[in-house]
Amino acid sequence: MQAVSMGEVRVAKAIANALCEQGYKRKLTVTSSTPHGLQKARQELGLSAQVVPFPMDFIWAAKGAAQRIRPKVYVSLETEIWPNLLLSLYKQKTNILMLNGRISARSFPRYQKIRPLIDACLRFFTCFSMISEMDAERIIALGADPKKVRVDGNAKYTYLHQHALTTDPVLEKRLNLNGRPLLVAGSVRGGEEEAVLRAFASARGHGAVLLIAPRHVRKAGKWLALARHKGFTPAYFSELDKRLPEVDVVVLDEMGQLLDFYGLARAAFVGASLVGKGGQNPLEPAAWGVPVAFGPHMEDFSDASKVLLPEAALQVADGEQLGAFWRQCLTNEDYAQHMGRRGQAKVAGLARSADSSARLILQYMEEAA
């Protein structure tokens, strides 16, 4: 299974669990393309799978990797299309599956510009298991054989549902909240700074602490400086042990922990959605039973936002509406709990996709045998 980065590693973990539950006892190899992805894969799958770096897509590297591993089934999670590796695997008669397939509204036009190359690569695939009907339509438009395309939902929901059954006591201890409620602004992007900090300014009178998780860690300094300029007392998460408990804004400067912070939140905002960046996954906080808000730009996660709206999430237009949502969640426990329970139930209802992916893998393993 090729899991390009941390998000896909979580999908790989859910599918690996489902494979184990369905009796799979043969060798599993998981690859990743990024240092953080490899680290996460070793943490999550190191005891049950061989974890190795994904080969660069040069002919000699791709052919060498294919010959060394010689997989019966190769799984591309989401949309990993590497021509030389796919060709090498195809020549070895490997069954090539795209699982949890996703073609976002923003990436689709880019794929269309290189359609002849994509079309040629898609011919190597044995099966496409797509997240939604729209993803299925887009992969067919790019050249996939409609007879090979099916819709099975998102296996990431399975991981979320399973992961949200426990919280991380170490993170809670490091935050040192002392009973203060936590608000989380997750995966926020440039252009959302003013809105998020204005929203928190209107809500911090209730004793809340704000955790800001920039989508790109290198932007943490910008968020910290702006929070200080606005009159808050901010600190990096990595330096909390050195700071006094009066900190009211924590800027996350470490990778891979946002999902667990959602589990500690009273309410959350999912970023990249007040600006035209396609949004992020609102089901991550919802899985913990945390009420969630997001902006109008959710093109990359339209399926997830539609699942939650209107009973289990709120769509806001600006910082004022976000502040009103946070204040409502801080002062009206019934409102927050009702929205949180509805969201958690929605995620639980979607948490079956990994089983479908595992069944497909086992089916094509049997065919290869």
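1. The largest cavity has a volume of about 30 Å³. The structure, which is a predicted model, holds 1 cavity of 30 Å³ or more. The residues that line the largest cavity are Arg102, Ile131, Asn154, Tyr157, Asp300, Phe301, Asp303 and Ala304. Sorted by class, this lining has 4 nonpolar, 1 polar and 3 charged residues.

2. The largest pocket has a volume of about 1,300 Å³. It is lined by 41 residues, and those closest to its centre are Gly7, Glu8, Lys156, Arg215 and Gln280. At least two lining residues come from each of helix H1 (6-21), helix H5 (108-113), strand S8 (209-214) and helix H12 (258-262). H1 gives the most to this lining, with 4 residues. The classes in the lining of the largest pocket are 14 nonpolar, 13 polar and 14 charged residues.

3. How much space lies in the second largest pocket? The volume of the second largest pocket is about 670 Å³. Here 28 residues form the lining, and Thr29, Gln50, Ile69, Arg70 and Pro71 are the closest to the centre. Six elements each supply at least two lining residues of this pocket: strand S1 (29-32), strand S2 (50-53), helix H3 (59-69), strand S3 (73-77), helix H4 (83-91) and helix H17 (353-368). H3 gives the most to the lining of the second largest pocket, with 4 residues. By class, the lining of the second largest pocket divides into 19 nonpolar, 4 polar and 5 charged residues.

4. An open sheet is formed by 4 strands in the order S3-S4-S5-S6, and the pairing is parallel. S3 and strand S6 (149-151) are the edge strands, each pairing on one side only. On average, neighbouring strands of this sheet are turned by 20° against each other, direction ignored. Strand S5 (residues 127-130) is joined to S6 by 3 bridges, and the two run parallel. In that pairing, Met130 stands opposite Val151 in S6. H1 packs on this sheet, where it touches S3 and strand S4 (95-101). The direction of H1 makes about 135° with that of S3.

5. Another open sheet has 7 strands in the order S9-S10-S8-S7-S11-S12-S13, with parallel pairing. Its edge strands are strand S9 (234-236) and strand S13 (313-315), and each pairs on one side only. The twist from one strand to the next averages 20°. Helix H15 (residues 319-331) packs on the sheet and touches S7, S8, S11, S12 and S13. The direction of H15 makes about 155° with that of S11.

6. Which strands does S11 pair with? Strand S7 (residues 182-188) and S11 pair in the parallel sense over 4 bridges, and Leu183 stands opposite Ala267 in S11. S11 is also joined by 3 bridges to strand S12 (residues 292-294), and these two run parallel. The bridge partner of Ala268 in S12 is Val292. S12 in turn pairs with S13 in the parallel sense over 3 bridges, where Val292 stands opposite Ala313 in S13.

7. Are the faces of strand S11 (residues 267-270) covered or open? In a regular strand the side chains alternate between the two faces of the sheet. For S11, Ala267 and Phe269 are on one side and Ala268 and Val270 on the other, and all are buried, so both faces are covered.

8. Asn176 is in the loop between helix H9 (169-175) and S7.

Key
Residues are numbered from 1 along each chain as its sequence is written. This is a predicted model: local features need pLDDT of at least 70, side-chain atom pairs count only at pLDDT 80 or more; totals for chains, interfaces and linings use all residues. Side-chain values use heavy atoms; hydrogens and water are left out. On a 1 Å grid over the protein atoms alone, a cavity is a set of points where a 1.4 Å probe fits but cannot get out, and a pocket is an open set with protein on both sides within 12 Å along at least five of seven lines; lining residues have an atom within 4 Å of a point. Grid points are joined across faces, edges and corners, and a volume is the space filled by probe spheres set on the points. Ala, Val, Leu, Ile, Met, Phe, Trp, Tyr, Cys and Pro count as nonpolar, Asp, Glu, Lys and Arg as charged, and the others, Gly among them, as polar. Buried means under 20% relative accessible area, exposed over 50%, partly exposed in between (1.4 Å probe, protein chains only). Two strands pair if DSSP finds at least two bridges between them. Axes are lines fitted to C-alpha atoms, for helices over the stretch in contact, and angles run from 0 to 180 degrees between N-to-C directions. Contact means heavy atoms within 4.5 Å.
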